[in-house]
Amino acid sequence: MSLPDQKRMDAGAVVELFTVKPQKGGVQRYTTGPSGEAAVRYGGQDYAPLPIALEGAGYESSGAASRPSLRVSLLGSGSADPAAWHGATVERVRTLSRYLDGASEADSDRHWPREAWVVDRLKKRGRDEIVWELSSPLDLELAMIPRRQVLRDVCQWEYRRRKGAGWENPPADNGCPYTGGGMWDANDNVVKAGNEKDDACSRRLSGCKLRFPEEQPLPFGGFAGVARFRR
């Protein structure tokens with residue numbers, strides 16, 4: 001890939017190309033121009049005209065990841081259904097009009113770096129347009145993987161239960177391996193002998209550290225390393 005050359009006097013217009021990949025249904029491709037109502041072709045793919053704008057996109061080296069907005073017109077959207085895009089992946093490619101297929105300098109390798117976002121939350125819906133809040137694909141809080149939901153601060157392992165005068169431990173493949181004698185309640189308070197029924201994990205990282213003070217890494221059933229940013 002080589003970046004477009006905007007220094008030339010005849011550089012031409014910047015063209016934004018959007019690829020939407022819904023969780024259900026086929027891939028959709030749209031453009032904001034430069035030919036008004038006409039579709040464009042780039043890299044062998046057709047992009048239908050649709051008033052669509054990505055606002056607030058950017059990458060920061062520190063702090064919270066940016067959460068841009070995707071503003072889409074509901075007027076004249078044809079077969080597009082922006083209201084059904086929740087959870088979809090949106091990719092944006094920016095290039096110059098002279099690199100589009102059919103142009104004199106057509107080159108599908110000339111564009112700015114590709115950007116990818118996930119449609120996360122509905123911000124606004126009016127009669128004429130819909131506005132989605134996007135998140136970075138690296139922001140995995142609440143995403144789904146087979147059999148489990150990605151939760152940053154909640155351990156999802158099954159904890160042992162009191163059974164008669166002893167303990168019943170959960171299956172090893174999805175249970176907490178704790179078999180020690182120390183006991184704490186759901187608020188991480190110490191439980192004294194004789195009150196074994198009050199032993200319960202808080203399901204927080206703090207509860208795990210109480211039971212496994214020397215264990216590295218901790219057998220924590222959450223995703224403590226996942227970024228979670230909500231503005």
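What pattern does the chain follow when read along the sequence? It runs β-β-β-β-β-β-β-β-β-β-β-β-β-α, that is, 13 strands and one helix. Helices (H or I, at least four residues) and strands (E, at least two) are DSSP runs here, numbered from the N terminus. The model is a predicted one, so local features need pLDDT of at least 70 and side-chain atom pairs count only at pLDDT 80 or more, while totals for chains, interfaces and linings use all residues. Residues are numbered from 1 along each chain as its sequence is written, and side-chain values use heavy atoms, with hydrogens and water left out.

Now for the chain as a whole. Of its 231 residues, 35% are buried (buried is under 20% relative accessible area, exposed over 50%, partly exposed in between; 1.4 Å probe, protein chains only). The accessible surface comes to about 13,500 Å², and carbon and sulfur atoms account for 50% of that (Shrake-Rupley method, 1.4 Å probe; for residues, only the protein chains shown count as cover). Taking contacts (heavy atoms within 4.5 Å) between residues at least 6 apart in sequence, 54% link residues at least 24 apart.

Leaving aside residues up to four places away in sequence, Leu70 touches Phe18, Ile52, Ala53, Leu54, Trp85, Val90, Ile130, Val131, Trp132 and Leu134.

Arg127 sits in the loop between β8 and β9 and is exposed, with a relative accessible area of 75%. Its C-alpha is 7.4 Å from that of Leu74, with 53 residues separating Arg127 and Leu74 in sequence.

The structure holds one cavity of 30 Å³ or more, and the largest cavity has a volume of about 80 Å³. On a 1 Å grid over the protein atoms alone, a cavity is a set of points where a 1.4 Å probe fits but cannot get out, and lining residues have an atom within 4 Å of a point. Grid points are joined across faces, edges and corners, the volume being the space filled by probe spheres set on them. Among the lining residues are Cys155, Cys176, Cys201, Cys208, Arg203 and Arg211. By class, the lining has nine nonpolar, one polar and two charged residues (Ala, Val, Leu, Ile, Met, Phe, Trp, Tyr, Cys and Pro count as nonpolar, Asp, Glu, Lys and Arg as charged, and the others, Gly among them, as polar).

Conventions
On a 1 Å grid over the protein atoms alone, a cavity is a set of points where a 1.4 Å probe fits but cannot get out, and a pocket is an open set with protein on both sides within 12 Å along at least five of seven lines; lining residues have an atom within 4 Å of a point.
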